[in-house]
There are 2 protein chains.
Amino acid sequence: MNPFRALSATERTRLGRLRERGQTDRSTLYEVLDSGLICHLGVVIDGTPVVLPTGYGRVGDTLYLHGSSANRSIATAPGTEVCVTVTLLDGLVCARSVFHNSMNYRSAVIFGVPRLITDEDERMTAARVITEHLIPGRWANSRQPTKKEMAATALLALSLDEASVKVRTGWPSDDEEDYALDAWAGVLPVSAVIGTPLPDPVLRPDIAVPDHIAALEGRRVG
Amino acid sequence: MNPFRALSATERTRLGRLRERGQTDRSTLYEVLDSGLICHLGVVIDGTPVVLPTGYGRVGDTLYLHGSSANRSIATAPGTEVCVTVTLLDGLVCARSVFHNSMNYRSAVIFGVPRLITDEDERMTAARVITEHLIPGRWANSRQPTKKEMAATALLALSLDEASVKVRTGWPSDDEEDYALDAWAGVLPVSAVIGTPLPDPVLRPDIAVPDHIAALEGRRVG
């Protein structure tokens, strides 16, 4: 992170709010949303911004969010302006000057007014999409939700119409005269990876790691 | 992520806003803030929440944030209520029921009114703290900022007085009757790690990887 600039300098983000993005950016938007696992949902409660992490899932141009019906952010969000941000850290960029130290990252920012999903079929779809986004294959391999569990759950849909994506990749961008300095410059790559599955200590001993879980080992998340 | 509950079910977060936290939680708060590299800064602009990722640093009970003076979130934040959230993903929790699938994570949420730092010494301190948080040792090993670079930069201080931390660790919490099911259950650990330093292709060939950079390889971030 450049200590002097926010990660999202908002220039592109602002543009993103004002302009229709090209297809290239939309593909990147999907890629960022599909790679990340946690979003940060921002809502305004009593005039104060509240930013909480939560899971999500995507189908086409719809982002699904969920939460306990008792969760204040989730209860507040429907019908009000929210901001949902997903950020993936890809590297620490070491420049020759303090000013140009930075991060490589991918970040998606979505503005919009979420809709509370009321149709039971769509609610179940949203729950499935969110579960499958977190742990592919899990929906079919876990006990299905009961009516009581579903009743305790709010599910929201947010359009990706007003979304932008910002990406920094590559090497440091130093001032021309700084390239002669003695300072080392380069990138420290960062990646978040899923490790070896750890069985629940009270798992029935006859249950082996299923394929859909084994397949996740080594997968990059974000 | 439990598809049915937000990661921060807000119960503890709300408590955190209302009560003085014990020392244990304060240590955990520091640990989360010191482990993460990116925070999500939420501000309200024209009535809309705006959530952007940015770097930060901490000294005692002060969080330092920074940004280009032209950055609208950073320009808006001083004197207004903001929310700063840092979330670290530690694992995917695979339960026997869809409803109890979850994540292991650590999350810090800070509410407060940031102060725009105007004293030049404190501004330089804040810039150094943010740089050193991202890449320890980098401040002494990069060209120092010029007056012009500093002038282009806003630096903010946010008190940690009104902060809370929420942590989920360990195994799935299934309903009693579900432990008899055939479903595999356990945790897929997730960790973000710094990889091997990649030198800038135009780095002067006589400059080796310095100790402060080599020391970061393999370090967990978040």
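## Where two chains meet

How many residues does the contact take from chain B and from chain A? The contact, meaning heavy atoms within 4.5 Å, takes 108 residues from chain B and 108 residues from chain A. This is a predicted model, in which local features need pLDDT of at least 70 and side-chain atom pairs count only at pLDDT 80 or more, while totals for chains, interfaces and linings use all residues. Residues are numbered from 1 along each chain as its sequence is written, chains are lettered from A and ligands numbered from 1 in the order in which they are written, and side-chain values use heavy atoms, with hydrogens and water left out.

The size of an interface is often given as the accessible area lost when the parts come together. Here, chain B and chain A bury about 8,500 Å² between them, and 67% of that lies on carbon and sulfur atoms. This buried area is the accessible area (1.4 Å probe) that two parts lose on being put together, summed over both.

## Links across the interface

Let's look at the charged pairs. A salt bridge needs a side-chain nitrogen of Lys or Arg within 4 Å of a carboxyl oxygen of Asp or Glu, and that rule finds eight of them across the interface of chain B and chain A. One joins the side chains of B:Asp182 and A:Arg204, at 2.9 Å from N to O. On the side of chain B that touches chain A, strand β10 (residues 186-194) of chain B gives the largest share, nine residues. Helices (H or I, at least four residues) and strands (E, at least two) are DSSP runs, numbered from the N terminus.

Another salt bridge joins B:Arg143 and A:Asp175, at 3.3 Å from N to O. This pair crosses between chains: B:Arg143 sits in the loop between α4 (120-134) and α5 (147-151) of chain B, and A:Asp175 in the loop between β9 (162-168) and β10 of chain A. Strands take part as well: strand β10 (residues 186-194) of chain A and strand β11 (residues 198-199) of chain B pair in the antiparallel sense over two bridges, where pairing requires that DSSP finds at least two bridges between the strands. In this pairing, A:Val187 stands opposite B:Leu198.

## A buried strand in chain A

Why is strand β2 (residues 48-54) of chain A largely enclosed by the rest of the structure? Seven of its seven residues are buried, so the strand is largely enclosed. Buried means under 20% relative accessible area, exposed over 50%, and partly exposed in between (1.4 Å probe, protein chains only). In a regular strand the side chains alternate between the two faces of the sheet. Both faces of β2(A) are covered, with A:Thr48, A:Val50, A:Leu52 and A:Thr54 on one side and A:Pro49, A:Val51 and A:Pro53 on the other.

Strand β1 (residues 39-45) of chain A pairs with β2(A) in the antiparallel sense over seven bridges. A:Ile45 has A:Thr48 as its bridge partner. Two residues lie between the strands of this hairpin, and A:Asp46 takes a positive phi near 50°.

## Salt bridges within each chain

Over all chains, the structure holds 30 salt bridges. In chain A, A:Asp206 pairs with A:Arg204, their closest N and O atoms being 2.7 Å apart. A:Asp206 is exposed at 55% relative accessible area, whereas A:Arg204 is partly exposed at 24%.

In chain B, the side chains of B:Arg106 and B:Asp90 meet in a salt bridge at 2.8 Å, N to O. B:Arg106 is buried at 12% relative accessible area, and B:Asp90 is buried at 19%.
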